[in-house]
Amino acid sequence: MQTKVRNGDGERRRVWILFGWVFLIFFTSCFFVSIEVWVGLLKRIVPIPAVQGVLALFWYHCGIFVVKGWHATEYAILASLLFLTLRTRLPRIPALLLSLCLAATFAATDEWHQTFVQYRDGCLRDVLIDTTGATLAMLYWGRKTRPSAIGELS
């Protein structure tokens with residue numbers, strides 16, 4: 001027999017997932033992993049010398065794109081979680097805008113936090129990359145949740 005999840009339970013779950021994601025972003029920004037350490041770890045995981053060479057070459061030359069792409073992705077996820085949480089309490093457009101503003105604010109405060117972490121720095125470029133990810137997510141949710149011609153108008 002399946003039990004139906006009460007609305008309050010679903011909201012609580014969304015909030016816990018949101019706070020978990022915020023914690024994960026904050027926690028991972030507390031550490032610095034150099035490219036040398038990362039490539040060394042990859043070499044331990046992949047014992048094939050030819051593959052090790054390709055991985056090292058890739059990370060030394062293209063790893064920045066993966067790292068910055070992850071920045072945009074983690075803030076797209078954050079903005080999405082914010083929207084899905086706020087949408088239960090706010091109309092669609094205010095929920096979209098507030099989610100974007102909160103994600104951008106968290107990006108800025110996280111970059112500031114990184115200025116206190118050894119070997120890390122905070123930079124406006126990363127705030128812009130993070131906010132771009134959040135913006136793309138809100139564009140997606142804005143389109144996905146827009147009312148049809150006959151549907152709701154909130």
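How many positive and negative side chains does the chain have, and how far apart do the centres of the two sets lie? There are 16 positive and 10 negative side chains, with the two centres 10 Å apart. Lys and Arg count as positive and Asp and Glu as negative, while His and the chain ends are not counted. Each charge is placed at NZ of Lys, CZ of Arg, CG of Asp or CD of Glu.

The model is predicted: local features need pLDDT of at least 70, side-chain atom pairs count only at pLDDT 80 or more, and totals for chains, interfaces and linings use all residues. Residues are numbered from 1 along each chain as its sequence is written, and side-chain values use heavy atoms, with hydrogens and water left out.

**Whole chain**

Show the chain as a cartoon. It has five helices and zero strands, where helices (H or I, at least four residues) and strands (E, at least two) are DSSP runs numbered from the N terminus. The radius of gyration is 19 Å, well over the 15 Å that the globule rule gives for 154 residues, so the chain is more spread out than a compact globule. That radius is taken over C-alpha atoms, and the rule is 2.2 Å times the number of residues to the power 0.38. Along its principal axes the C-alpha trace spans about 60 × 45 × 30 Å.

Switch to a surface. The accessible area is about 10500 Å², 71% of it belonging to carbon and sulfur atoms (Shrake-Rupley method, 1.4 Å probe; for residues, only the protein chains shown count as cover).

**The core**

Select Ile 25, Tyr 75, Leu 78, Ala 79, Phe 83, Ala 103 and Met 138. These have the most contacts inside the largest nonpolar core, a set of 21 residues. Such a core consists of buried Ala, Val, Leu, Ile, Met, Phe, Trp, Tyr and Cys residues joined through side-chain atoms within 4.5 Å; buried means under 20% relative accessible area (1.4 Å probe, protein chains only). Helices H1 (7–28), H3 (49–86), H4 (92–114) and H5 (124–144) each give two or more residues to this core, and H3 gives the most, with eight.

Centre on Ala 103. Setting aside residues up to four places away in sequence, Ala 103 touches Tyr 75, Leu 78, Ala 79, Leu 82 and Ala 134; contact means heavy atoms within 4.5 Å.

**Ala 56**

Ala 56 counts as buried because its relative accessibility is 10%. Beyond its neighbours within four places in sequence, Ala 56 is in contact with Val 39 and Lys 43.

Conventions. Buried < 20%, exposed > 50% of the residue type's maximum accessible area, 1.4 Å probe, protein only.
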